Amino acid sequence: MSKQIRSKVLPDKASVNSTQEASRRVPIRRIGRVGLHAGEDSVAVEEPLEICLAWPEPGAPDSDPARQGGRNIAVTMRTPGSDAELAVGFLFTEGILKSVDQVAEIIYAADSGNRVTVALY
């Protein structure tokens, strides 16, 4: 049985995730037996992803955990898409998370499509 993690997805972020391409076409020159030939090829799209961690401060009122204690954990390069899963998986493999039950929600930054905050209970 898997746990559903609630994500706060901004309206413009939802459209970016659904239409963003994992690759793009670029012009190239191929060298063949008879010389150079113009053409196109596919290359992977890579962008940085900043993974942040947030947690409730002891004694603080029960409010939005992303607005309480927190810090940047890592910046990694990735093909855009599935950022929430990548962030949780990264934190798990680094030993920061022991269980998905520790995750309250995943928040996409309003100012950047390249930052997610994993908020803990």
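The model is predicted: local features need pLDDT of at least 70, side-chain atom pairs count only at pLDDT 80 or more, and totals for chains, interfaces and linings use all residues. Residues are numbered from 1 along each chain as its sequence is written, and side-chain values use heavy atoms, with hydrogens and water left out.

**Nonpolar core**
- The largest nonpolar core has 14 residues. Such a core is a set of buried Ala, Val, Leu, Ile, Met, Phe, Trp, Tyr and Cys residues joined through side-chain atoms within 4.5 Å.
- Val88, Leu91, Leu97, Val103, Ile106, Val116 and Val118 touch the most other members.
- Strand 4 (47-55), helix 2 (83-93), strand 6 (103-108) and strand 7 each supply at least two core residues. Helices (H or I, at least four residues) and strands (E, at least two) are DSSP runs, numbered from the N terminus.
- Helix 2 gives the most, with four residues.
- Beyond four places in sequence, Leu97 touches Val88, Leu91, Phe92, Gln102, Val103 and Leu120. Contact means heavy atoms within 4.5 Å.

**Thr117**
- Thr117 sits in strand 7 (residues 115-120).
- Thr117 counts as buried because its relative accessibility is 16%. Buried means under 20% relative accessible area, exposed over 50%, partly exposed in between (1.4 Å probe, protein chains only).
- Its contacts, not counting residues up to four places away in sequence, are Cys52, Leu53, Ala54, Glu105, Ile106 and Ile107.

**Ala44**
- Ala44 belongs to strand 3 (residues 35-44).
- At 60% relative accessibility, Ala44 counts as exposed.
- Leaving aside neighbours within four places in sequence, Ala44 contacts Ala22 and Ser23.
- Glu21 is 23 residues from Ala44 along the chain, and their C-alpha atoms are 8.8 Å apart.
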